[in-house]
Each structure stands twice: as structure tokens, then as C-alpha cells.
Amino acid sequence: MPQLIAEPSSSIDLFDPAVLDDPYPLYEVLRGMGPAVWLNRHDMWFIGGYEDVRTALHAAATFSSENGIALTDTANRQFLSGTVLVAHGMRHVQLRRPLSRQLAPRAMKSLVPEIGSRAARLAVELVTEFVAGQVVHLMGLPESTRPKLVAQGAAVFDMFGPGNARYRASAPLATAMMTFLSTEVSRTSVRPGSWMADLYQAADDGDISEDDVVPLMSAYTTAGMDTTIHGITAALHHLAHHQRYYKELRTGRLKAAAVFQEAIRLDAPIQGFGRRARRDTRVGNARIRAGERVWLSYGSSGRDPRRWGHYANTFRPGRTGADLHLALGYGPHTCAGRHLAVAQATGLLDALAHYGTRLEPAGIPVRARNNILHGWATLPLTITPDRRRVRHARKPTVTQA
């Protein structure tokens with residue numbers, strides 16, 4: 001008679017404040033328990049190994065985002081219904097298609113000069129202002145929307161987690177932001193030729209419905225801001241603590257894109273997303289039944305030593321295959337704005353490296369606690385200007401579309 005192997009389970013709270021501040025030791029424990037671990041507190045499976053997360057992200061027919069990406073039914077129905085994030089199959093393809101041309105690598109190449117000039121101008125200003133301003137500009141949204149998008153965007157991500165205190169506090173903010181966007185943005189208020197104009201054109205052409213426009217806009221704008229902001233600040237944090245790599249960035253021996261990719265591998269801006277099993281399946285010894293929730297941990301997969309070796313927890317930009325991380329997703333729901341994120345990060349990091357001889361910590365950073373976002377609320381840094389380059393620098397010209 002075959003011996004039954006108990007399915008691993010744990011009573012840990014994945015969204016405890018201490019875990020949100022530093023989840024990586026816990027991820028290591030969970031990976032050691034097996035490919036899939038049942039989390040009793042959240043009634044869901046945790047999958048944290050690189051290959052297992054990658055496989056699950058690709059297997060949309062088994063692990064679906066439909067009614068599963070957030071951990072509460074209310075969030076899935078009330079805040080995410082109709083968005084590209086939870087769309088499945090051909091519906092997902094339909095919603096991604098209108099902006100696929102604008103977000104393709106070829107389109108990003110044409111934006112590099114503009115992004116670079118904006119980055120040079122804002123190199124000594126807030127990363128948040130740079131990223132948010134760029135996204136609002138490309139989307140063609142009224143400038144009046146930027147402050148609320150910056151202030152309330154993170155609240156949307158809190159809605160993906162369990163029904164804890166952060167979820168309850170963010171629900172009114174997320175609702176208010178969606179109401180604000182639906183009333184502030186219209187055909188007449190968006191800039192002609194912008195991404196939003198393309199969405200309205202897609203509705204006119206019958207590719208999507210008029211009701212799809214605002215949910216698509218909210219998904220692309222919020223996802224395009226907070227994740228990129230946290231990814232860039234993660235890169236700055238690690239560079240400030242590794243002067244060797246900052247010097248290599250200044251001399252051109254290290255590419256800014258490699259710094260950004262390694263930073264988000266090590267500290268994924270989105271730590272994980274939920275899925276709903278559409279049919280019975282197995283991950284390792286765990287039998288996952290149809291209808292059960294699954295949490296795919298991007299943050300854990302980025303530090304899996306079976307994929308990243310002995311130095312999985314070490315910042316080593318330029319490592320082979322660093323861009324194969326899962327921090328920006330994989331499979332059908334790969335982040336549509338990943339090329340824009342890399343272009344923005346590259347522009348800003350290159351600008352900082354050009355104008356600053358040293359980048360150093362200037363105080364104690366404070367984590368921004370969020371159910372799924374991982375980043376800094378404050379990150380005090382000091383940059384020492386290169387007086388030769390600053391003195392002789394030509395004032396950048398920002399091209400306005």
C-alpha cells in the first residue's frame with residue numbers, strides 16, 4: 001500500500017506588518033517546506049519557487065486570474081471586474097490589444113530621447129514626479145489627475161490582499177479614485193494622439209466597449225506608476241550601498257538596464273498575485289483542487305537559490321539571465337508596460353550617474369507598507385554633483401507630443 005505524504009501547511013500570516021517589511025526569510029522557510037504550501041490563515045496555496053511560479057503563470061488554463069487575482073471576493077467583483085488584470089482567455093487578448101502597439105519595444109525606442117531628457121531635467125527631483133508625470137503625459141490625462149493618482153494609487157494594490165486592516169482602510173480611497181477618474185477623464189479632456197485617445201478610438205472601432213475604457217485606463221496608469229517608482233527606488237537603494245556598481249554605471253562598464261533588472265529581481269515591486277485553480281492539479285506533492293486560491297510569489301521566486309545560485313540574496317547587477325526574473329510577470333499576464341518601465345528606469349539612472357560622482361545613504365529609510373507592493377515610503381539619499389558635468393551641461397530640451 002503506497003504511503004501517503006502529508007501536504008505541507010503553515011499558520012503564518014503572509015501580510016503581517018513585520019513580514020511585509022522583510023518577507024524574504026519567511027519565503028525561504030516556505031520554499032523549504034515544498035513547492036506548494038497551504039496557508040491556513042488565508043485559505044490559499046503559496047507557490048514561491050522560481051520554476052513553479054513561472055509554470056503557473058504560463059498555465060492560464062489551470063491557474064486563472066479571473067475572480068482570483070485578489071484575495072477577497074469583494075475586491076475581485078467590485079474593484080477589478082472588467083479590468084485587464086482579471087480578464088481571461090480571449091477577453092484578456094481583446095483588452096490588451098488596443099495599447100499593444102504603443103507599449104511594444106519599437107514604440108519605446110521612439111520614446112527614449114524624450115524619456116532621457118525628462119530624466120535629465122528631473123534627476124535631482126523626486127522619482128515619483130518623474131514616473132507619474134511621464135505616465136500621465138503618455139496616457140494623455142489632464143494634469144489635474146496626477147496628484148490624486150500619486151496619492152491614492154497604492155490604495156488600489158492594497159485591495160489585492162486579504163480583508164485585513166490595510167484592505168479596509170484602502171477600500172474608500174480606491175473607490176474614490178475610480179470615481180474621480182471616471183468623472184475627470186472624457187473624450188474631450190484627453191490629449192489627441194495619446195494612449196487614452198487610442199482607447200477611445202478602439203471603442204469607436206468596436207474592438208472594445210465604451211465601458212472598458214476607464215477600467216483599462218486605471219489599470220495601466222496605476223500599474224505603470226507605483227511598480228516603476230518602487231523598482232527605481234530599489235535600484236537607487238542598492239546602488240547607494242554598493243559604490244562599486246555606481247562607479248561602473250558612471251564609466252559605462254555597467255548598463256542601467258542591468259541595474260534595474262537586478263534590483264527588481266531582488267526586490268520585486270509587486271510581491272505576488274493571486275490565481276484561482278480552474279481544475280484539479282498537482283504542484284509537487286500538493287493536490288490543488290478546482291476553485292482553491294493560489295498565491296504566486298514573485299518576491300520569493302526572485303530569491304530562489306535553485307534558479308539564482310548561492311548569491312540569490314545578493315545584489316549583483318550584470319549577472320547572467322537577470323532579466324529572466326518574474327517581477328514583471330510571465331505568460332499571458334506579463335506586464336504590458338515592462339518596456340516603458342525599463343526605459344524610464346534607464347533614463348533616470350543614466351542621468352543620475354552622469355551628474356553625480358557619488359550616491360550615498362543619508363538617513364534611515366522607511367518601508368511603505370502595502371499588501372502586495374514592496375518599496376520605500378522615504379529613502380534619504382545624498383548625491384555628490386560632478387561639478388564639471390553640471391557646469392558644462394546643456395539645458396535639456398523636453399519634447400512635447
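**Helix packing and aromatic contacts in the predicted model**

Residues 24 or more positions apart account for 73% of the contacts in the chain that have a separation of 6 or more. The structure described here is a predicted model. Its secondary structure comprises 17 helices and 12 strands, and of the 401 residues in the chain, 54% are buried.

The packing of two helices was examined in detail. Helix H12, formed by residues 243-251, packs against helix H16, formed by residues 338-355, with the two axes 9 Å apart and at an angle of about 90 degrees. Because angles of 65 to 115 degrees count as roughly perpendicular, H12 is classed as roughly perpendicular to H16. On the H12 side, the contact is made by Tyr246, Leu249 and Arg250. The H16 side contributes Leu349, Asp350, Leu352, Ala353, His354 and Tyr355. By residue class, the contact of H12 with H16 divides into 6 nonpolar, 1 polar and 2 charged residues.

When residues up to four places away in sequence are not counted, Ala154 touches Asp226, Asn370 and Leu373. Leu173 lies 19 residues from Ala154 along the chain, and the C-alpha atoms of Ala154 and Leu173 are separated by 9.4 Å.

Aromatic side chains were considered next. A search of the whole structure finds 9 aromatic pairs. In the pair of Trp38 and Trp45, the ring centres are 5.2 Å apart and the planes stand at 70 degrees, so the arrangement is edge-to-face; the angle required for this class is over 60 degrees. Trp45 has a relative accessibility of 2% and therefore counts as buried. Elsewhere, ring pairs link Phe157, Phe160, Phe273 and Tyr298 into a cluster.

Arg265 lies over the face of Trp308, at 5.3 Å from the ring centre. The charged end of Arg307 sits over the ring of Tyr50, with a distance of 5.2 Å to the centre of that ring.

Notes. Residues numbered from 1 in each chain as written. Predicted model: local features only at pLDDT ≥ 70, side-chain atom pairs only at ≥ 80, totals over all residues. Heavy atoms only, no water. Axes fitted to C-alpha atoms, helices over the stretch in contact; angles between N-to-C directions. Helix = DSSP H or I, 4+ residues; strand = E, 2+ residues; numbered from the N terminus. Parallel < 35°, antiparallel > 145°, perpendicular 65-115°, else oblique. Contact = heavy atoms within 4.5 Å. Nonpolar A, V, L, I, M, F, W, Y, C, P; charged D, E, K, R; others polar. Phe/Tyr/Trp six-rings, centres within 6.5 Å; stacked < 30°, edge-to-face > 60°. Buried < 20%, exposed > 50% of the residue type's maximum accessible area, 1.4 Å probe, protein only. Lys NZ or Arg CZ within 6 Å of the ring centre and 35° of its normal.
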